[in-house]
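This briefing describes the strand arrangement of the entry shown below.

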Amino acid sequence: MRAIFPKNKTVMTEATLRAILCPCCKQLLYALEPDVRGGWRLTKDSPAITNDQNGPFMKCPRCSRRIAMIKSQDSPERGDPPYFVASKQACDKFLR
Ligand SMILES: [Zn+2]
C-alpha cells in the first residue's frame, strides 16, 4: 500500500518570518527574515534601531514606547539575529 500525497503542496512563506512582539503593548514590533548566510535579519519595514546614552533602542510603531534592544554578542554564523529585545523594559517611557 502506498500513500498518495498531493503533488503541488505549497509551503506558506509567511512561516519563515519570525514576528517579534512589543513587550509593552504586545503588538507586532518587528519581524525577522532569513538572510543569505542562514542567519536572521530585520525586515526592511522594521523600525530603525537608534542609539542613545542608554544603548540601542527601537520605537514601537504601535505604542511609541522606547523599546530597549540588546546587540547580539554571538557570531552571525550561529544564525542569531543582530539584535534582540531586552528582557527588562521601562514601559513608561514614551517617544515623541
Ligand atoms: Zn508597543
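Three strands, taken in the order 1-2-3, make up an open sheet with antiparallel pairing. Strand 1 (18-21) and strand 3 (40-42) are the edge strands with a single partner strand each, so one side of each has no neighbour in the sheet. Neighbouring strands of this sheet are turned by 35° against each other on average, direction ignored.

The model is predicted: local features need pLDDT of at least 70, side-chain atom pairs count only at pLDDT 80 or more, and totals for chains, interfaces and linings use all residues. Residues are numbered from 1 along each chain as its sequence is written.

**Terms**

- Strands are DSSP runs of E with at least two residues, numbered from the N terminus.
- Two strands pair if DSSP finds at least two bridges between them.
- Angles run from 0 to 180 degrees between N-to-C directions of axes, which are lines fitted to C-alpha atoms.

- Strand 2 (residues 28-34) runs antiparallel to strand 3, and 3 bridges join the two.
- Leu-32 has Leu-42 of strand 3 opposite.

- Strand 4 pairs with strand 5 (residues 55-59) over 4 bridges in the antiparallel sense.
- Opposite Ile-49 stands Met-58 in strand 5.
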